Amino acid sequence: MLIVFFRVLIIYLLIIVCLRLMGKRQLGQLQPAELVVTILVSNIATMAIEDANVPLLSGVIPILALVCFDVLVSALGLHSKRVRELVSGTPRIIIRDGQIDQQQLRELRFTIDDMMEQLRAKDVFDIRQVSFAIVETTGAFSVYLKPEAQPATAGMLQPGGDGGTAPPVVLISDGAVIESALDYCNLRPQWLQRVLQEEGYQPHQVFLMTCDRQAQYLIVPKQSKRRARG
Amino acid sequence: MKRVWIALGLVAAILAGGIFSLWHLERITREMGNSLEQLSLAVEQQDDARILELALMFQEQWQQFEPGIRRYIHHDELESITGGSARLAALARYQDYGELAAETDRMRHLVNHILESERPTLKNIF
């Protein structure tokens, strides 16, 4: 029984490493860890069902163990950004202000054809119209168009409407300040400190803070554990 | 958070179950090993009544233990011991002691192999 447990642990870790090595191109909408669990659970279940010589516990224990590992890894990821990055990776910006980041494309092993195909699937035929194109951790492609290429909305047509702006980015995630987001917004740490002071928060009290290049921000404070449970 | 505690509880239960099954298997193989040792000694001494008694006792002992370990050990291995234990009793009854001695050694090897193959050693894991 312990052998099955240790084998499952090793195979689980090995497949996560393999899928992370294979990169985002191999993934659909599932996070790498979820994909591992899906593949392994389906195979183990088949083995336990097909081979009567294998005790049922040899099928049940690995499946339970896999689900436990998945829950524990996702719980760890909830508390640690580092774990999240290790297990799921990070979103990659491959087009910024109409400029392709070739280095990112090489790292993701995305060809120009792959990228153009993904853009066309989003009804974008001209790279110059793209403000941001991001490859998400699931391998999905997100595109944010420049204001002049965006379809007009009621908000844009109103007098004083902003006419479309660059998208807001996450400035504070679960209490951790993201320096690169400050750079993107052309803001200084002093500005952030002042805003938080005015709002009456310390960075560690903030669950989520988003901000755009016009310094328009949104703060979601952390709920106390007791309140969150209620 | 409740799911995390359930997952931790399950992992603890799996580890505890694994350790318990290993302890249980060790106890069974020790008892079976002792019985086979006594059978070997009786064969050397050519004690007909004792040989038959020990061979039948081994078969009965195995029938008692087998359903318990069947839950977590590959059934193929257990079936070869079940067949072997019946053969031991038959060989003792017909007093074919040369064959009985060889079969006793084979059974000892099979019983030890079950325990060895369940130990979480590096050799077994990889």
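In chain A, A:Ile11 belongs to helix α1 (residues 2-22); helices here are DSSP runs of H or I with at least four residues, strands are runs of E with at least two, and both are numbered from the N terminus. The structure is a predicted model, in which local features need pLDDT of at least 70 and side-chain atom pairs count only at pLDDT 80 or more, while totals for chains, interfaces and linings use all residues. Residues are numbered from 1 along each chain as its sequence is written, chains are lettered from A and ligands numbered from 1 in the order in which they are written, and side-chain values use heavy atoms, with hydrogens and water left out.

A:Ile11 has a relative accessibility of 39% and counts as partly exposed. In this scheme, buried means under 20% relative accessible area, exposed means over 50%, and partly exposed lies in between, with a 1.4 Å probe and protein chains only. A:Ile11 and A:Leu40 are separated by 29 residues in sequence, and their C-alpha atoms are 8.8 Å apart in space.

A:Phe5, A:Tyr12 and A:Phe69 form one aromatic cluster. Over all chains, the search finds 6 aromatic pairs; rings of Phe, Tyr and Trp (its six-membered ring) pair if their centres lie within 6.5 Å, and planes under 30 degrees apart count as stacked, over 60 as edge-to-face and the rest as tilted.

Helix α3 of chain A (residues 57-79) contains A:Leu64, which is partly exposed with a relative accessible area of 32%. Together with A:Leu56, A:Leu57 and A:Val60, A:Leu64 makes a nonpolar surface patch of about 310 Å². Patches are made of residues with over 30% relative accessible area and no salt bridge; like charges are joined within 9 Å, and nonpolar side chains (Val, Leu, Ile, Met, Phe, Trp, Tyr) within 5 Å. The areas come from the Shrake-Rupley method with a 1.4 Å probe, and for residues only the protein chains shown count as cover.

The strands of chain A come next. An open sheet of 4 strands runs in the order β2-β1-β3-β4, with antiparallel pairing. Its edge strands are β2 and β4 (141-145), each of which pairs on one side only. Two strands pair if DSSP finds at least two bridges between them; β1(A) and β2(A) pair in the antiparallel sense over 2 bridges, and A:Arg96 stands opposite A:Gln99 in β2(A). The loop between β1 (92-96) and β2 (99-100) holds A:Asp97, a residue other than glycine with a positive phi near 50°. A:Asp97 is partly exposed, at a relative accessible area of 36%.

Further along chain A, strand β5 (residues 169-173) pairs with strand β7 (residues 206-211) in the antiparallel sense over 4 bridges. Within this pairing, A:Val169 has A:Cys211 in β7(A) as its bridge partner. β7(A) also pairs with strand β8 (residues 217-221), again in the antiparallel sense, over 5 bridges, and A:Thr210 has A:Leu218 in β8(A) as its bridge partner. The hairpin of β7(A) and β8(A) has 5 residues between the strands, and A:Ala215 takes a positive phi near 60° there.

A disulfide is a covalent bond between the sulfur atoms of two cysteines, and the cut-off used here is a pair of cysteine sulfur atoms within 2.5 Å. The structure holds 0 disulfides over all chains. A:Cys185 is in no disulfide, and the nearest cysteine sulfur, that of A:Cys211, is 4.3 Å away. A:Cys185 counts as buried at 2% relative accessibility, and A:Cys211 is buried at 0%.

Salt bridges lead the reader to chain B. The structure holds 17 of them over all chains, a salt bridge being a side-chain nitrogen of Lys or Arg within 4 Å of a carboxyl oxygen of Asp or Glu. B:Arg108 and B:Glu37 meet in one of these, at 4.0 Å from N to O. B:Arg108 lies in helix α4 and B:Glu37 in helix α1 (residues 2-44), so the pair ties together parts of chain B that are 71 residues apart in sequence. Helix α4 also holds both B:Arg106 and B:Glu103, 3 residues apart, about one turn of the helix. B:Glu103 is buried, with a relative accessible area of 6%, whereas B:Arg106 is partly exposed at 40%.
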